[in-house]
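Hello,

Here is the structure I promised to pass on. Please open it next to this email and follow along.

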Amino acid sequence: MAAGGGPVTGTVPRLSPTTVDVAHRPDTVRILHLGPGAFHRAHQAVFTEDAGGDWGICGVTQRSPAVVDQLRPQDCLFTVLERSHTATSCRVVGTIRDVLFARSEPERLRTRFTDPEVRIVSLTVTEKGYHPDSGVITQLVDGLAARRATSGAPVTVLSCDNLTGNGNVVRSRVLDACARLPHGDALAAWVADHVRFPSTMVDRIVPATTDADRAEVRAALGVADEAVVVGEPFRQWVIEDDFAAGRPAWEAVGAQLTTDVAPYEAVKLRMLNGTHSLLAYRGALAGYDTIAEAVADPALADEAVKLMEHDVLPTLTVPDDVDITAYRKQVLERFANPALRHRTTQVAMDGSQKLPLRLLGTIRDRLAAGAMPVRAVRAVAAWMVYVAVGADRHGRPLPLDDPLAERLRAAAGAADAPRVIVDGLLSVGEVFGEDLPDHAALRAALVESVAELLARVADVR
Ligand code: CS2
């Protein structure tokens, strides 16, 4: 890859095929991806480029045209800054060939959905994107209906989000939506025969891009890249090999094919993501800006280790090819990478959507086994205090970026009454269901943990 290079002074040209040499670009769009945000660009798009072949991606942005404005002017090229603890490498990725904003370009979206050359429709729309009213499911069902009415070509819907059984989740949302349509049973029958929904487990830490990252690309490549993404060196993708019309050779470049993703998914969601959330809430309340700062605190690191060892591990069926002790050690090393500057408040986002998947499953399993998962309870208590107090131990405000934010604030009530906070938030059924609020021992443990954390947060005001 030749680039402008050298010191950057004044304006620089925009990243494009004429300002940077890109080794290989696929000619044909065969993957339609809903949600081409930072994680997709640093994970699936990199695996797909490395796998080679003619598998171009068309990204479909959901909530705003921002990613279109970032990618389209630079022919959909973007840079990945890979940051290890000690060094940063930079690569330009060319596998995205088109991008569109669903809301303002419905015809272009329909053309892609009905194109028989499109073999895979993949998604990274975050946990909240799978709610029936999110718009994504409607978009997917409308696209499949149009495909059925035109080419009728088989297709694979590939979820790449942090959900348990993500393929089954998206299939059930699609079939539920079909059932609500006039003559939806015919579409549902077509989907059953022509569409596959394999589950996957995805993993790569991808912090939000900053101006400093954009400046680093300007200095390194001598071009302006508005779509640069940052990632750690580690990446993992475990995929159920159940495709209707082929796929890239992802296994040739490090992805793992399996018949059952579930055990890998549980390890990742509960060991990594559950611990991430613990460090995010406890770290943010303690005044740490980044996950690396939080895990450098011996008390929080100890909580993290004990959450994984004492609470999570007994709930897992560890796959034979996973060394869980090495996995746990690696997770903490990945979190400790200071170069990522992964913000605690970024991981703290959408807690109402994340907690059920990352911590409450562990809590339910341990309670059913007659044990009280103290660290998982403390992690949930930290989320409760984060919601109720909304500020760290220095009084700095903490953002509550959550689709249920207003309801959570109202439910938490008084910011200094542990019982009120616990009872109020336990009453939010979308998060805690019907069973957990009735568990007296859990409730008492939460009240005790919330009281202790409130005292910590207040002790330096
Ligand atoms: C993080 C995840 O922001 C968060 O909730 O826990 O994005 C995490 O970085 C990825 O799942 C790692 O694969």
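**Around the ligand**

Helix 9 gives the most residues to the shell around the ligand, namely 4. Keep in mind that this is a predicted model. Helix 9 spans 262-285. Helix 14 (351-368) also matters for your tour: like helix 9, it supplies at least two residues of that shell.

Which residues surround the ligand? They are N162, D203, R204, I205, K268, L272, N273, H276, H342, V347, K354 and R358. Find them in the viewer before you read on.

In R358, a side-chain N or O atom sits 2.7 Å from an oxygen atom of the ligand. For N162, the distance from a side-chain N or O atom to a ligand oxygen is 3.0 Å. N273 also places a polar side-chain atom 3.0 Å from an oxygen atom of the ligand. How much of the ligand does the protein cover? On its own, the ligand has 340 Å² of accessible area, and the protein covers 89% of that.

**The nonpolar cores**

Now move to the largest nonpolar core. It has 78 residues. W383 and M384 touch the most other members. Helix 15 (residues 374-389) gives the most to this core, with 12 residues.

Where does this core lie relative to the domains? Domain 1 (8-258) and domain 2 (262-460) both give residues to it, so the core lies between them.

Go back to W383 for a closer look. Leaving out residues up to four places away in sequence, W383 touches Y281, G351, S352, L355, L408, L425, V431 and F432.

Take T126 first. T126 lies in the loop between strand 6 (120-123) and helix 5 (136-149). Is T126 buried, exposed or partly exposed? Its relative accessibility is 26%, so T126 counts as partly exposed.

Then turn to R341. R341 is in the loop between helix 12 (324-335) and helix 13 (344-347). With 47% relative accessibility, R341 also counts as partly exposed.

Best wishes

Methods. Residues are numbered from 1 along each chain as its sequence is written. This is a predicted model: local features need pLDDT of at least 70, side-chain atom pairs count only at pLDDT 80 or more; totals for chains, interfaces and linings use all residues. Side-chain values use heavy atoms; hydrogens and water are left out. A nonpolar core is a set of buried Ala, Val, Leu, Ile, Met, Phe, Trp, Tyr and Cys residues joined through side-chain atoms within 4.5 Å. Buried means under 20% relative accessible area, exposed over 50%, partly exposed in between (1.4 Å probe, protein chains only). Domain bounds come from an automatic or database domain assignment. Contact means heavy atoms within 4.5 Å. A residue is near a molecule or strand if one of its heavy atoms lies within 4 Å of it. A polar contact is a pair of N or O atoms within 3.5 Å; within protein, one must be able to donate a hydrogen and the other to accept it, and residues adjacent in sequence count only if both atoms are side-chain atoms. Accessible areas come from the Shrake-Rupley method with a 1.4 Å probe; for residues, only the protein chains shown count as cover.
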